[in-house]
Amino acid sequence: MKKFYTYIVMFMMTTAMLTSCDREFWEDLEDRQEASTLSGTWTGYIDTYYYDRWGLTGNTYRTTMYFERDNAYSGWGYEVDYDLNSRYSDYYYCEFEWDIYKGSIRIRYADSWNDVYINDYQLSSNRFEGYMDDGTTKDIRFSLSYDSRFDWGYWTRSTTRAAASNATNITTDSTTDSTTDSTTDSTTDSIGNDARVKASGKFRPNL
């Protein structure tokens with residue numbers, strides 16, 4: 001009887017181990033698939049809502065995000081928020097790093113100390129929508145569509161890819177990098193050395 005009990009315990013432990021390994025296998029496969037689907041350019045809107053002393057308030061931005069994979073689970077990219085009526089005069093451009101772990105998408109922006117997490121979302125080959133958590137009390141909802149025609153040239157032709165992990169030494173530069181196109185010299189701010197952030201018009205920060 002004792003030997004039979006031992007066999008049962010061993011069988012249950014083996015089953016638990018196989019179940020755990022199986023779960024990890026499928027989670028890993030799902031992360032790979034979602035990272036592959038996420039790669040590319042997405043355009044749409046980001047809505048931000050929060051409460052201030054006057055009550056509920058918020059903003060809506062037109063935004064385009066680009067995701068590039070370095071490996072099966074992570075990579076780098078950049079985002080630009082802009083005014084549809086004056087996208088080259090009123091915009092905010094920022095680079096980031098991203099990764100996926102157990103279905104959670106993490107974005108590390110070059111201009112922020114806080115990581116942004118996307119846990120509640122839907123992703124397909126042509127739609128990406130859900131909610132972002134930036135560690136504040138803001139409600140941030142996004143709704144994006146896959147965009148194969150967006151021209152990044154205006155914002156990226158004079159910049160190099162930055163590692164957001166090096167953004168801990170971000171400093172504010174009151175002058176524009178000499179490599180920046182002359183047409184944007186008067187409206188562009190460069191923040192940081194490796195990490196690049198550019199803004200103009202109503203998106204220009206108060207430096």
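T63 sits in strand β2 (residues 55-69); helices here are DSSP runs of H or I with at least four residues, strands are runs of E with at least two, and both are numbered from the N terminus. This is a predicted model, in which local features need pLDDT of at least 70, side-chain atom pairs count only at pLDDT 80 or more, and totals for chains, interfaces and linings use all residues. Residues are numbered from 1 along each chain as its sequence is written, and side-chain values use heavy atoms, with hydrogens and water left out.

T63 is buried, at 0% relative accessibility. Buried stands for under 20% relative accessible area, exposed for over 50%, and partly exposed for what lies in between (1.4 Å probe, protein chains only). The T63 side chain has a polar contact with the side chain of D81, at 2.6 Å. A polar contact is a pair of N or O atoms within 3.5 Å; within protein, one must be able to donate a hydrogen and the other to accept it, and residues adjacent in sequence count only if both atoms are side-chain atoms. Setting aside neighbours within four places in sequence, the contacts of T63 (heavy atoms within 4.5 Å) include W42, Y45, D81 and L144.

## Aromatic pairs

There are 17 aromatic pairs in the structure. The rings in question are those of Phe, Tyr and Trp (its six-membered ring), and they pair if their centres lie within 6.5 Å; planes under 30 degrees apart count as stacked, over 60 as edge-to-face and the rest as tilted. One of the pairs is W42 with Y146, edge-to-face at 5.3 Å centre to centre and 85° between the planes. W42 belongs to strand β1 (residues 40-52) and Y146 to strand β9 (residues 139-146), so this pair ties together parts 104 residues apart in sequence. W42 is buried at 0% relative accessible area, whereas Y146 is partly exposed at 40%.

Y91 and Y154 are edge-to-face too, because their ring centres are 6.2 Å apart and their planes stand at 90°. With Y91 in strand β4 and Y154 in helix α2 (residues 153-156), the pair links parts that are 63 residues apart in sequence. Both partners are buried: Y91 has a relative accessible area of 0% and Y154 one of 18%. W42 and Y146 turn up again in one aromatic cluster, together with F67, F96, W98, Y109, Y121, F128 and F142.

## Nonpolar cores

Nonpolar side chains tend to be buried together in soluble globular proteins. What does the largest nonpolar core look like here? That core has 26 residues, and F67, I107, F128 and M132 have the most contacts inside it. β4 gives the most to this core, with five residues. A nonpolar core is a set of buried Ala, Val, Leu, Ile, Met, Phe, Trp, Tyr and Cys residues joined through side-chain atoms within 4.5 Å.

Beyond four places in sequence, I107 is in contact with M65, F67, F96, E97, W98, D115, V116 and I118. A second, separate core has 11 residues, among them Y78, F150, W152 and W155.

## Strand pairing

β4 (residues 91-101) runs antiparallel to β12, joined by four bridges; strands pair if DSSP finds at least two bridges between them. C94 has V197 as its bridge partner in β12. Side chains in a regular strand alternate between the two faces of the sheet. In β12 (residues 197-200) both faces are covered, with V197 and A199 buried on one side and K198 and S200 buried on the other.

β8 (residues 127-132) and β9 also pair in the antiparallel sense, over six bridges.

D31 is in helix α1 (residues 2-38) and is buried at 5% relative accessibility. Its C-alpha atom is 8.1 Å from that of A72, 41 residues away along the chain. Leaving out neighbours within four places in sequence, D31 is in contact with A72, Y73, I100, Y101, K102 and G103. A polar atom of the D31 side chain lies 2.9 Å from the backbone nitrogen of G103.

K102, one of those contacts of D31, is in the loop between β4 and β5 (104-109). K102 has a positive phi near 55° although this residue is not glycine, and counts as exposed at 52% relative accessibility.
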